[in-house]
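The structure comes first, then the notes.

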Amino acid sequence: MSSLGNIMKKEIRELLTPGTLIPIIIFAIIFGSLGNAFGGATEKFDDPPIIGIINQDGSAISKLVYADFTARSNVVYNGTDFQEGIDVVMANDGAALFVISDNFGQNISENKSGVIQVYWIMNGAGLMDSFTSASADVVLQAVTMDLSRALIDTHYTDNSTVILSPINATQNTIFKGTQMDGVSPGMISAVMTGQGFIVPLIVVMVVIYAGSMVVTSMGSEKENKTLETLLTLPVRRTSIVFGKLAGAAIVGLILAAIYMVGLGYYMNSLTSGASLDLAQYGISLSIFDYVLVGISLFLSLLSALALCMILGIFTKNYKAAQTMTLPVTMLALIPMFVLMFSDFDTLPPLAQVLVFAIPFSQPIIAINSLMFGEVAIVLLGIAYEVAFALATMFIAVYLFKKDILLTGRVKSAHSKKGWRSFLVPRKPK
Amino acid sequence: MAAIEVHDLVKKYGELEALRGITFSVSEGEVFGLIGPNGAGKTTTLRVLATLLEVTSGEVKIGGYDLVKQADQVRKIISYLPEDAGAYKNMKGIDYLKFIANFFNDQNTKEMLERGIKVANLGERLDDRIDTYSKGMQRRLLVARALMIRPKLAILDELTTGLDVLNAQAIRKTVKETARQGTTVLLSSHNMLEVELMCDRIALINDGRIVATGSPQELKAKYNASNIEDVFVEVVR
């Protein structure tokens, strides 16, 4: 073998370890699953949207529009009661309620656009949550074009303005049960995206940075053999674990504060054009809410650090520590991506359980839930984070008292294959 | 009272038996050496006695404290210097000594630090970062760290490995002086000359068992050898 090939083979052997491959494979599987979820959403987009219609106008034109809506959609309500219509559409997981105004036909005959009040149903602020309203919007556009054609064909009017835009759709949104008049789903999405992205990004950045600090610190301590000295000093193992965690947590919180300021300015600049103030609809965070989000964020950080401490216990040196952070990084990225595409409330039950089980999801769920006054799920999340952090810290302290801390996890030639190989420490050199 | 009492100590790594029931004792103020070939169990013995590894079976008492049940008490009276030990490279030498001294709040940390500075004998270089030190300077700092606390028992693994003659001699002198002041020293070494020069008694360990114990003179007489190296070869053959 040539020298180049020899070196290349050695490098590949060193770098292509199960520790490197497994997280990447899991990551690929998760992205594949997300792709399938999008595929499902796209298929849903192809289905006729579920809508409700109230026709307050008895004119021939409004009947034409009503018939067109019915042909292009799955109409689940066609009565006259607004509240009933909203309730039925929401109960059927529908996209919108269209109210054809009582002077629709008269307006067009007077060369004015006919008014249709649209009440979009929005159950979440994720990207996938906007798919249903988008499909209903497509139907509205199609109905508008059909009406334009009909006006031309029947020579009903020769006013080009009315022919080009015969329908004036007024946008209203029922966002998680709150009615917002004059507000489109797009406006809400823009504002919610701005507010809802800061926390997930902070969680991911802090978990990655602070987590890698802990793992690499353990790797360095082992490589430099400073850990052996530390363990023989008159200091309890719990003090070593908590000291390391506390140090990394403080640095993590400083990082979080810096990110929060930076991202806050960044998101404000992105959403400065949005005129929608969600606070006027009662969708805002109080001081108490911010405290809860802060607690959730801190516990999330603590859980990440304790998890990284456990991974650090298994690392052999600084180099190995670099790849050890991958699993925790992925755990932080999963809730960020999933909750970016779909609101926690609109996820399938199994996905909800999986996302909830990841402690890093909690601050993201918290900020979205608290905006709508859903405190119970946030408190439940905090309780879960406390339990998770305590359990991982307990495991870290336990492992700190075991040989495995110094001997590492390797397959022993004397051990059987399987789980036993994870538990049998190697004999130190 | 013996500083170290080891009785039938067994240490297993899974199914591999690294120590197969070793027994020895070391008196207070004694310098006791463990010698043996690679993989014989020297470092494992020192790591067990330093509370780093769990005891599989057997009984170990250090300074009268049970190693398993009173590990926290044991750590207060021992000092362990691993082979190839390192220090926190981004710290200054003096800060490293202060960092270690702060773990011994019940003692006079100022006096401890002064002793550490004296043992390290690094002069103004103590104010430099450790990553700028040569191997010899770093080892002197670590020996100072280990001895400045005046431990009842100093466990020193391969004390002078990789050091030049001058550095090695200086460190041996420091350890001998510390032992004269009452510290018991348990050391392991491949350097037979070092063992002969420093140790009051030695134990030869092979394949996880102690195969001979005695003073260098006794062992040389017993195996009719002119030096410890010959004793070693004779015993492990």
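## A helix pair in chain A

In this predicted model, helix H9 (residues 198–223) of chain A packs against helix H14 (residues 326–341) of chain A. The angle is about 175°. The axes lie 9 Å apart. Angles over 145 degrees count as roughly antiparallel, so H9(A) is roughly antiparallel to H14(A).

The contact draws on named residues from both helices. H9(A) supplies A:Pro200, A:Val203, A:Val204, A:Val207, A:Ile208 and A:Gly211. They meet A:Val328, A:Thr329, A:Ala332, A:Leu333, A:Met336, A:Leu339 and A:Met340 in H14(A). By class, the contact of H9(A) with H14(A) has eleven nonpolar residues, two polar and no charged.

## The six-stranded sheet of chain A

Chain A has an open sheet of six strands. Their order is E2-E1-E3-E4-E5-E6, and the pairing is mixed. Strand E2 (74–77) and strand E6 (178–181) of chain A stand at the edges. Each has a single partner strand, so one side of each is left without a neighbour in the sheet. On average, neighbouring strands of this sheet are turned by 30° against each other, direction ignored.

Within the sheet, strand E4 (residues 114–122) of chain A pairs with strand E5 (residues 167–175) of chain A. The sense is parallel, over nine bridges. One bridge links A:Gln117 to A:Thr170 in E5(A).

## Helices on the sheet

Helix H3 (residues 60–72) of chain A packs on the sheet. H3(A) touches strand E1 (50–55), E2 and strand E3 (96–100) of chain A. The direction of H3(A) makes about 165° with that of E1(A).

Helix H4 (residues 82–91) of chain A lies across E1, E2, E3, E4 and E5 of chain A. H4(A) runs at about 170° to E1(A).

## Strand pairing in chain B

Strand E9 (residues 201–206) of chain B pairs with strand E3 (residues 31–35) of chain B in the parallel sense, over four bridges. Here B:Gly33 has B:Ile202 in E9(B) as its bridge partner.

E9(B) also pairs with strand E10 (residues 209–214) of chain B. This pairing is antiparallel, over five bridges. B:Ala203 stands opposite B:Thr213 in E10(B). What lies between the strands of the hairpin of E9(B) and E10(B)? There are two residues between them. In this hairpin, B:Asp207 takes a positive phi near 50°.

Methods
Residues are numbered from 1 along each chain as its sequence is written. Chains are lettered from A and ligands numbered from 1 in the order in which they are written. This is a predicted model: local features need pLDDT of at least 70, side-chain atom pairs count only at pLDDT 80 or more; totals for chains, interfaces and linings use all residues. Two strands pair if DSSP finds at least two bridges between them. Axes are lines fitted to C-alpha atoms, for helices over the stretch in contact, and angles run from 0 to 180 degrees between N-to-C directions. Two residues are in contact if their C-beta atoms, placed from the backbone, lie within 7 Å. Angles under 35 degrees count as roughly parallel, over 145 as roughly antiparallel, 65 to 115 as roughly perpendicular and the rest as oblique. Ala, Val, Leu, Ile, Met, Phe, Trp, Tyr, Cys and Pro count as nonpolar, Asp, Glu, Lys and Arg as charged, and the others, Gly among them, as polar.
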